[in-house]
Amino acid sequence: MAKKKATTKKATATSTNATTTKKTTVTEPKATTKPKPTAKKKLSMLDAAAKVLSKASEPMNSKALITAMAEQKLWTSPNGKTPHNTLYAALLREINTKGNDARFVKVDKGLFTLASK
């Protein structure tokens, strides 16, 4: 038997950019739809700290702020081990980046109060 050579042809596919039309249907909302209840927006850590400091009579450190925020149910840590360190860093970051426009002022080592405007 004689061996046949296998020949392969390369097929080239061409594609055209044809536009397709999609049919859309508009549906009206159901008449029995109840409005969603508006949930309270959670405060950020810094917003909660500002609220606590606005009620405080004297400057507070970050540990006292975290405790007060939890007691007033303004903010709680999502299972963090050192939320007071995170708050301390966030307070300093706001003071350094915003300068005179910052909401907070560092009055002593580790003590913060609201800036008077």
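Student: What do the buried residues of α3 pack against?
Tutor: They pack against α1 (45-55), α2 (62-71), β1 (104-108) and β2 (111-114), where contact means heavy atoms within 4.5 Å. This is a predicted model, in which local features need pLDDT of at least 70, side-chain atom pairs count only at pLDDT 80 or more, and totals for chains, interfaces and linings use all residues. Residues are numbered from 1 along each chain as its sequence is written, and side-chain values use heavy atoms, with hydrogens and water left out.

Student: Which residues in α3 are buried?
Tutor: Pro83, His84, Leu87, Ala90, Leu91, Glu94 and Ile95 are buried, where buried means under 20% relative accessible area, exposed over 50% and partly exposed in between (1.4 Å probe, protein chains only).

Student: And why do they line one face of the helix?
Tutor: Seen down the axis of α3, the buried residues fall within an arc of 130 degrees, so they line one face; the arc is that of the directions from the helix axis to the C-beta atoms.

Student: Which exposed residues are on the face turned away?
Tutor: That face of α3 carries Arg93, Asn96 and Thr97.

Student: New topic: how many aromatic pairs does the search find?
Tutor: The search of the whole structure finds one. Tyr88 and Phe112 form this edge-to-face pair, at 5.6 Å centre to centre and with 75 degrees between the planes; rings of Phe, Tyr and Trp (its six-membered ring) pair if their centres lie within 6.5 Å, and planes under 30 degrees apart count as stacked, over 60 as edge-to-face and the rest as tilted.

Student: Is Phe112 buried or exposed?
Tutor: Phe112 counts as buried because its relative accessibility is 0%, whereas Tyr88, at 27%, counts as partly exposed.

How values were computed: Helix = DSSP H or I, 4+ residues; strand = E, 2+ residues; numbered from the N terminus.
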